[in-house]
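Work through the exercises below with the sequence and the model side by side, and try each task before you read its solution.

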Amino acid sequence: MKPVLGIETSCDETAAAVVDGDGRILAEAVLSQLAEHAPFGGVVPEIAARTHLRYLSRQVSQTMAQAGLSFADLGGVAATSGPGLIGGLIVGCQFGKGIALAHDLPFVAVNHLEAHALTARLPGLVEGGAPFPYLLFLLSGGHSQCIAVMGVGQYVRLGGTADDAAGEAFDKVAKLLQLDWPGGPALEKIARSGDPSRYPLPRPMMRREGCDLSFSGLKTAVAQTVAKIGTVLSQQQRADIAASFQQAVVDVLADRAGHAMEMIRAREPAAHLLVVAGGVAANQAVRAGLALAAAKHGFVLAAPPIRLCSDNAVMVSWAGIERLKRGWRDGMEANARPRWPLDTLEAVPG
Ligand code: KG4
Ligand code: ZN
């Protein structure tokens, strides 16, 4: 199969990639909008949309040049069309459709969560690509879900968060500790010099049936801990709170993943892979905790390299390839969708 151009604009990364039918990455580029949003302490949707509009065209041209290809050499165009921030989604989806229309190429409107879900099937990450079915633990700034990945387009949601996403909890706690946005990486860094047992924090949902998550109680407990100290936090206190919070998250995630592994095994005895995706999967303590949990349940943890865990366009190209290989494509009527749950995806669009 000819290479596919992927476009990702659902949040604050303007990304493009070209991947061939065998999963070889011919070119990839991610332009982070961190500098644009940092002064506001979070992603500002309108700024994100305008920044995508400003840089996407150049990003795509440069990626195509890096791959040494022209549009006529492509086998299709895949663009994230949901879920996410509507302004950015419209920019990427319309831009992708424009290229497809102008060059008579098939177009795939990619579900961003499906793109995260299928990353583990890129040959090279797991020998020969992850075989179906497998368990996906998606831990990003906007989503925290356990999903049984049964096939392309076939997803069963086993559980998810009742309130904050895991990344959101990291970001909010980091704010309480006066760390820079985005908080996750900053919190992980200071937690390295902290004592994870200094501040006792709750482990919400731990040992409950199923694999649902909740982080708001933990976040509130951190806020109360900070308030109780009362004075300006010392560097050591911040490190200890960060380490205590991170340990609580790791314990909860390992417990929830354990339940999810049992749930998928009960349905699909052959399942043996636990795949993590999303920005929080970049966290080394989280990875180590999940690897242990996987081993305990006779599973293997497959954690993509960090650049493929957070938002990128390689995963979008690859999701497009998986669909195009099955003869599935979308028409020009495909539109950006801010909400698009994974378990509502039809196996065969149209
Ligand atoms: O998947 P992602 O790049 O974007 C979406 O939300 O779709 O995830 C970003 C989230 C942010 O909340 C960020 O703080 C968190 O992932 N994150 C981390 C780490 N790196 C990124 N959380 C904990 N530890 C990290 N090392
Ligand atoms: Zn994402």
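**Exercise 1.** Determine which strands pair with β9, and in which sense.

*Solution.* Begin with strand β10 (residues 300-302), which runs parallel to β9 and is joined to it by 3 bridges; strands here are DSSP runs of E with at least two residues, helices are runs of H or I with at least four, and both are numbered from the N terminus. Two strands count as paired if DSSP finds at least two bridges between them. Within this pair, L273 stands opposite V300 in β10. Next, turn to strand β6 (residues 134-139), which pairs with β9 in the parallel sense over 4 bridges, and where F137 has V276 of β9 as its bridge partner.

This is a predicted model, in which local features need pLDDT of at least 70 and side-chain atom pairs count only at pLDDT 80 or more, while totals for chains, interfaces and linings use all residues. Residues are numbered from 1 along each chain as its sequence is written, and side-chain values use heavy atoms, with hydrogens and water left out.

**Exercise 2.** Decide whether the residues of β9 are buried or exposed.

*Solution.* Buried means under 20% relative accessible area, exposed over 50%, and partly exposed in between (1.4 Å probe, protein chains only). First sort the side chains by direction: L273, V275 and A277 point one way, L274 and V276 the other way, and all are buried. Then count: 5 of the 5 residues of β9 (residues 273-277) are buried, so the strand is largely enclosed by the rest of the structure.

**Exercise 3.** State how many helices and strands the protein has.

*Solution.* The secondary structure comes to 11 helices and 10 strands.

Note on methods. Chains lettered and ligands numbered in written order.
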